[in-house]
Amino acid sequence: MDVVELDQIAVLEAARVVELARGGDHWARDTPCAGWDLRRLVAHMTAQHHGFAAAARGVGGEREHWRERVEVDEPARAHRAAADAVLSAFAAPGVTEREFVLPELGGGFAGRTAIGFHFVDYVVHAWDVAAALGVRLRLADEVLGAALAVARRVPTDPAGRGPGFAFAPALPVAEGSGPLEEALRLLGREPRAWPATGG
């Protein structure tokens with residue numbers, strides 16, 4: 001599978017688990033993203049979809065596309081609309097050869113690389129949502145293996161990890177860890193703290 005197809009699988013799975021949230025109790029649940037409840041996490045995911053869709057169209061440098069809107073009446077519906085928008089943008093001919101401007105990451109990236117960032121982010125965020133809701137992900141080993149390959153390339157320099165950055169400091173990976181657990185730990189998540197996900 002190419003990176004666009006992999007990304008589509010991750011985005012649709014993230015949308016599926018987001019749509020399992022029901023009512024205020026679910027939206028107020030803690031998530032593996034420190035200090036974020038599920039409503040805030042989904043607002044972030046929604047904004048990232050809009051931002052990456054804008055980047056695919058050549059206007060990623062406009063900050064408005066990345067703005068998070070936490071107080072929306074139907075977070076799952078807003079997230080699904082954003083997911084549809086980014087999938088449509090990524091399906092455009094030649095998208096992997098374009099330059100994506102990603103302000104949060106400091107500039108421009110080849111489309112294929114940028115979509116790889118989006119892909120691994122949505123594998124991780126799908127797991128974040130699943131962890132908050134106590135459900136399991138439905139991602140094939142091929143998808144998880146591809147996400148792990150991307151996660152292994154993310155710089156681990158402590159100066160670029162932690163509060164204010166995309167990922168927390170990497171955690172040690174135990175021998176024999178599966179691809180999802182290894183990817184999560186490389187990106188600063190502790191899957192064993194959320195056992196209902198099968199992480």
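**View 1. A hairpin is formed by strands E1 and E2, with four residues between them.** Glycine 106, in the turn of this hairpin, has a positive phi of about 95°. Helices (H or I, at least four residues) and strands (E, at least two) are DSSP runs, numbered from the N terminus. E1 covers residues 99-102 and E2 covers residues 107-110, and the two run antiparallel, joined by four bridges; two strands pair if DSSP finds at least two bridges between them. Valine 101 stands opposite glycine 108 in E2.

The model is predicted, so local features need pLDDT of at least 70 and side-chain atom pairs count only at pLDDT 80 or more, whereas totals for chains, interfaces and linings use all residues. Residues are numbered from 1 along each chain as its sequence is written, and side-chain values use heavy atoms, with hydrogens and water left out.

**View 2. The largest nonpolar core has 58 residues.** Such a core is a set of buried Ala, Val, Leu, Ile, Met, Phe, Trp, Tyr and Cys residues joined through side-chain atoms within 4.5 Å. Among the residues with the most contacts inside this core are Phe100, Phe119 and Val129. Helix H5 (111-133) is one of the elements that give two or more residues to the core, and its share of 14 residues is the largest. Leaving aside neighbours within four places in sequence, valine 129 is in contact (heavy atoms within 4.5 Å) with Val17, Val18, Leu38, Leu41 and Met45.

**View 3. Arginine 80 and glutamate 19 meet through their side chains in a salt bridge (2.7 Å, N to O).** Arginine 80 lies in helix H4 and glutamate 19 in the loop between H1 and helix H2 (23-27), so the pair ties together parts that are 61 residues apart in sequence. A salt bridge is a side-chain nitrogen of Lys or Arg within 4 Å of a carboxyl oxygen of Asp or Glu. Both partners are partly exposed, arginine 80 with a relative accessible area of 26% and glutamate 19 at 28%.

**View 4. Glutamate 181 is found in helix H7 (residues 179-186).** Glutamate 181 is buried, with a relative accessible area of 9%, and its side chain makes a polar contact with the side chain of arginine 192 (2.8 Å). A polar contact is a pair of N or O atoms within 3.5 Å; within protein, one must be able to donate a hydrogen and the other to accept it, and residues adjacent in sequence count only if both atoms are side-chain atoms.

Terms used:
Buried means under 20% relative accessible area, exposed over 50%, partly exposed in between (1.4 Å probe, protein chains only).
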